[in-house]
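Me: I have a model open and a list of terms I want to understand. Can you take me through them, one by one?

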Amino acid sequence: MTEYTTGAPREAGSQWYDGEAGPLVRPYAMTGGRTRPGPTGVRFDLIALVTLDPGAPGADGDTALGPEHRALIDLCRVETQSVAELAAGADLPVGVVRVLLGDLLEGGCVTVSRPVPPAQLPDERILREVIAGLRAL
């Protein structure tokens, strides 16, 4: 008997992925179906820096944390990393990492340094005038 899916027909009982793909876990399974981090819905920029909180309450032995949470903690243990670096290092989609980081932030395991909003940065024209003034000295 042949089963039909959105691709080519395949034999009944055969796997729809190859052996090199490894175990398949859908992103929504890692996040419990959530698409936004935490009840506050805080957003993490790709360049936001994540640091492991030295006073984290039992990050090592916390059974409430899944393996993906622990992987992010291990990556932060080495050095402060951006959200994008954590996603690449954990080999997870950025959306999943954002939700997992929301869990870790609420649990007090990590701290997040958000980038300075562009509106708070000095005007480029002013910086160029300061550089020109310094060169004139």
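**Terms and values**

Reply: Let us start with Val-110, which lies in strand S5. A strand here is a DSSP run of E with at least two residues, a helix is a run of H or I with at least four, and both are numbered from the N terminus. This is a predicted model, where local features need pLDDT of at least 70, side-chain atom pairs count only at pLDDT 80 or more, and totals for chains, interfaces and linings use all residues. Residues are numbered from 1 along each chain as its sequence is written, and side-chain values use heavy atoms, with hydrogens and water left out.

Me: Why is Val-110 called buried?

Reply: Buried means under 20% relative accessible area, exposed means over 50%, and partly exposed is in between (1.4 Å probe, protein chains only). Val-110 has 4%, so Val-110 is buried.

Me: Which residues is Val-110 in contact with, leaving aside its neighbours within four places in sequence?

Reply: Contact means heavy atoms within 4.5 Å. Val-110 touches Val-50, Thr-51, Leu-52, Asp-53, Leu-101, Leu-104 and Leu-105. Val-110 and Ile-73 are 37 residues apart in sequence, and their C-alpha atoms are 7.9 Å apart in space.

Me: What makes Asp-91 count as exposed?

Reply: Its relative accessibility is 69%, so Asp-91 counts as exposed by the cut-off of over 50%. Asp-91 sits in the loop between H3 and helix H4 (94-106). Its phi is near 55°, a positive value in a residue other than glycine.

Me: How do you know that S3 and S4 pair?

Reply: Two strands pair if DSSP finds at least two bridges between them. Two bridges join S3 (residues 49-52) to S4, and these strands run antiparallel. Val-50 has Gln-81 in S4 as its bridge partner.

Me: What is the order of the strands in the open sheet?

Reply: The three strands are ordered S4-S3-S5, with antiparallel pairing. Strands S4 (81-82) and S5 (110-113) each have a single partner strand, so they stand at the edges, with one side of each left without a neighbour in the sheet.

Me: Why is H2 called oblique to H3?

Reply: Helix H2 (residues 67-78) and helix H3 (residues 83-90) pack at about 120°, with axes 10 Å apart. Angles under 35 degrees count as roughly parallel, over 145 as roughly antiparallel, 65 to 115 as roughly perpendicular, and the rest as oblique. That makes H2 oblique to H3.

Me: Which residues of H2 and H3 meet?

Reply: Leu-72, Leu-75 and Cys-76 in H2 meet Leu-86, Gly-89 and Ala-90 in H3.

Definitions and conventions
Axes are lines fitted to C-alpha atoms, for helices over the stretch in contact, and angles run from 0 to 180 degrees between N-to-C directions.
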